[in-house]
Amino acid sequence: MIKHIPVLVQVSLLALAVLLPLLKKNKAAKSKLLTILLLAVSVAFLLISLIDVQQNGAFVYNFGNYESFIGIQYSINAFSTFMSFFVITLALIIMIFSTKDIDHEIAQSSISQYYTLVLILLFSMVGMIYTNDLFNMYVFMEILSLTSCAIISIKSKKENYLAALRYLVLNTIGSLSVLFGIALLYMVSGHLNMTMMNQSISMIWQLYPTNILIASGFMLTGFAIKAAVFPLHIWLPDAHSNAPTPSSALLSSLVVKIYVFAVYKLLFDVLGRNIIISLGIPTVITVFAAAGMLFGSIFAIGQKDIKRMLAYSSVAQIGYIFLGLSLMTEAGLAAGLFHVVSHGLMKTALFLSAGSIIYYRNKRDIRDLDGIGIEMPVTMVVFAIAALGMIGIPGTNGFMSKLYLSFAVLGAGQPLLLGVILLSSYLNAVYYLPIIISAFLKEPKSKNVTMQVEVLPFPMLFSLITIGFLCLLTGFYPTLVMNFITQAVNLFLS
Amino acid sequence: MDDLIVKVISRIVIPFMIVYGIYIILFGHISPGGGFSGGAILGAAMVLYTLSFSADVAMKKFPHSVSMKLESGGIWLYIFIGLIGIFTADSFLSNQQGGFYIGNAGDLISAGMIPILTVGIGIKVASTMITLFHTIIEEEGHE
Amino acid sequence: MKKGLFIFVLTLLFIILSYSVMQMPALGSVDNPAYNATTRYYLDNSTTEAGAQNVIAAIITDYRAFDTLGETTVLFTSIAAVLSVLASLGHHKKEENHG
Amino acid sequence: MNDFLIDLANHINYIAAIALFVIGLYTVLTHSNLLKKVIGINIMETAVFLFFVSIGFVNNGNSPIIDLGDLGKIYINPVPSSLILTGIVVAVSITAYSLSLIIRLYQAYGTMDLDEILAMRSEVNHD
């Protein structure tokens, strides 16, 4: 039965999502409870699946028992089991936070709908991680883009409608580019299964080099729009800053990363490393990644709204991931994937603590945060841990991913990029450190504030502390994550 | 819109549309058609009804609570059929190996799970079309 | 001005793409790479294996049935999304706060 | 010249699809009316569908409904057609959702023009 766990987990997410609208009394409370319960059970089952793959090796799951070139296939290996475990665990933490926070953000009648949309979002993300079929990936990608817009527009404000519509338009253009690329690849390979495609493309790619080049150009552009790579990030600040806090955390730490996984799959599972290098794609990615690392941070410096600043910071961090990817070496790919995990944790911590500040004090402006560390010590300690990680202070997971990335850059013989990494870290310090300093060291504007633990609802405190702990844990013991990522990278490069 | 000619003609046309839609869905596995096209025709019949009579009348015939159940029911049917495959053939969504009755190609009752899923899809597509149309037209009414 | 720039860039894109499309496999030939063993398998076996004369029905609801589950989910999502946008304010007009 | 024309005739569907794609992209990029942007996206979707379905076309091929009496028939490639069925459904869903967003935006701002909406927003921010 263990081999069915990924499919069963995924299908149960969908089954609960369609159940929620039919609930009668106490819709909101029941939806929250059922979602949390299902996610907790899913985490347990995915852990079993992860351990099983570690012990008994990877395998493919054929739907309907058809052979790989006929039906749809899931590849269940170290990469997909670990990443789906990571995604669902992080989603569970965010959802525990959301149980209290969401009451303040959206109308009571749409809370149940919110959880329906989140469950479908998770369904599609898990599907995109597992699938080994290019068209199946497109279908999940469309579900993902619809739901990720819907969890923004559910907060019934006009800014949200505009942000969601712009996100939707760009997302759709991205999806169409990807579909166009799939059509071009299907035209020459005649397969949709990634393994079969790789085999036939490696045989015929010299016959149709333009096809492969244009297809990879279209698909990378499409994924770059969705993953907010630097010049195509224009939708991201509006979308991520206007969304309800749990949605911001989900979008910034998970949804964007799923498209990074899609790029990994496209480049290494479908096309193969040799073809990519001979087409000259890595150089292009390096340029955009480096530009994103610098400009994302520069834009973030000028922001006054805390959530908007975090959104721009995401643009810079996506640059780090793509920089690791573009090196095309084992160390580079591992550094990129490690940063996916560590940035997911850090950004969740930052958004959740920013959300707590908004929930508790209703302050969004960075200049109003003087002395907030005395009013809300737990929240601001978690914020400080994650922000120091973003800057790259030793002991945090952010430091470890920058260390891996620096070694990878030096190993690939491109010391110039090391300068870019250091400069970007310096820029991160320019906008994160003032917040920490003013929060803990400046006098609060209102007098008679005494130091005491803030009275946040228990679920919010619980998820803040958990995520802060996870940030430190992966900082001190990076091998916990790196162990799986090394296996995943070996799968991609084999 | 309140027009006698439109009302009378749509009263005549709508039954034919519904029968045609059901035919397209049921014969999806032996002739051109299937759940999506048939469902779209069924949906179009109801849209015509809404347009020629009024949105309030149509919404009484097909209220949101019914469409909600059809939506969820369609997906549950699909998942349930898939789960049968896990127990009988050790794989999600198995048809022949899952023990469904395949029969002779060309018969109405043949092809295992294909007609069942097609009917499910057809109902779901029809109800989606109608709900989308009703929701948007309802919003216009509030103006 | 902006329009002229877009027209220029997009015309360039059109010319480049059309030029490269000319080097792709021709339209309608049976020797196309896409018309391979997989396609023949579907055409030959759908009547016996899936029992359906309509090959497209066999593909979407049997061979690639999981795609269609995703597809019905897209329909469900669109309903959920549209209702979350349109139905929410209809009953809560007063809760809207401008700011 | 003759070779070029033959090449052109052999790829005419693909070129038409690309032309539609570029027209759709132009509509999305230049028009500030949101409804026209959605129409542009629909044109782009049609272009990609045309391209995909053309891959499956075979000269003198029949539609892929197997004729049990005549086994010698040639059929077109059924895979692209069945994939595009999925694509069409996705396109409908996206159009419906974006239209509902546009209805809400129109109610909030009183216009469907993106430039005007952005101008209104920046005025609010400056106050």
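**Notebook: helix packing and chain contacts**

I started with chain A, where helix 5 (residues 134-153) packs against helix 6 (residues 158-189) at an angle of about 175 degrees, their axes 8 Å apart. I am working from a predicted model here. Angles over 145 degrees count as roughly antiparallel, so I put down helix 5 and helix 6 of chain A as roughly antiparallel to each other.

Next I looked up who makes that contact. From helix 5 of chain A I noted, among others, A:Phe135, A:Tyr138, A:Met141, A:Glu142 and A:Cys149. Helix 6 of chain A brings residues including A:Tyr161, A:Ala164, A:Leu168, A:Asn171 and A:Ile182. I sorted the residues of this helix 5 and helix 6 contact by type and got 14 nonpolar, 5 polar and 1 charged.

Then I turned to where chain B meets chain A. I found 15 residues of chain B in contact with 13 residues of chain A. On the chain B side, these split into 8 nonpolar, 6 polar and 1 charged.

Is B:Val8 buried or exposed? I counted 11 C-beta neighbours inside 10 Å, and 12 or fewer means exposed, so B:Val8 goes down as exposed. I also checked B:Val8 against B:Leu48: they are 40 residues apart in sequence, and their C-alpha atoms are 12 Å apart in space.

Last, a friendly look at chain C. I logged 4 helices and 0 strands, which read as α-α-α-α along the sequence. Chain C has 99 residues, and 54% of them count as buried.

Technical notes
Residues numbered from 1 in each chain as written. Chains lettered and ligands numbered in written order. Predicted model: local features only at pLDDT ≥ 70, side-chain atom pairs only at ≥ 80, totals over all residues. Buried ≥ 20, exposed ≤ 12 C-beta atoms within 10 Å, placed from the backbone. Contact = placed C-beta atoms within 7 Å. Nonpolar A, V, L, I, M, F, W, Y, C, P; charged D, E, K, R; others polar. Axes fitted to C-alpha atoms, helices over the stretch in contact; angles between N-to-C directions. Helix = DSSP H or I, 4+ residues; strand = E, 2+ residues; numbered from the N terminus. Parallel < 35°, antiparallel > 145°, perpendicular 65-115°, else oblique.
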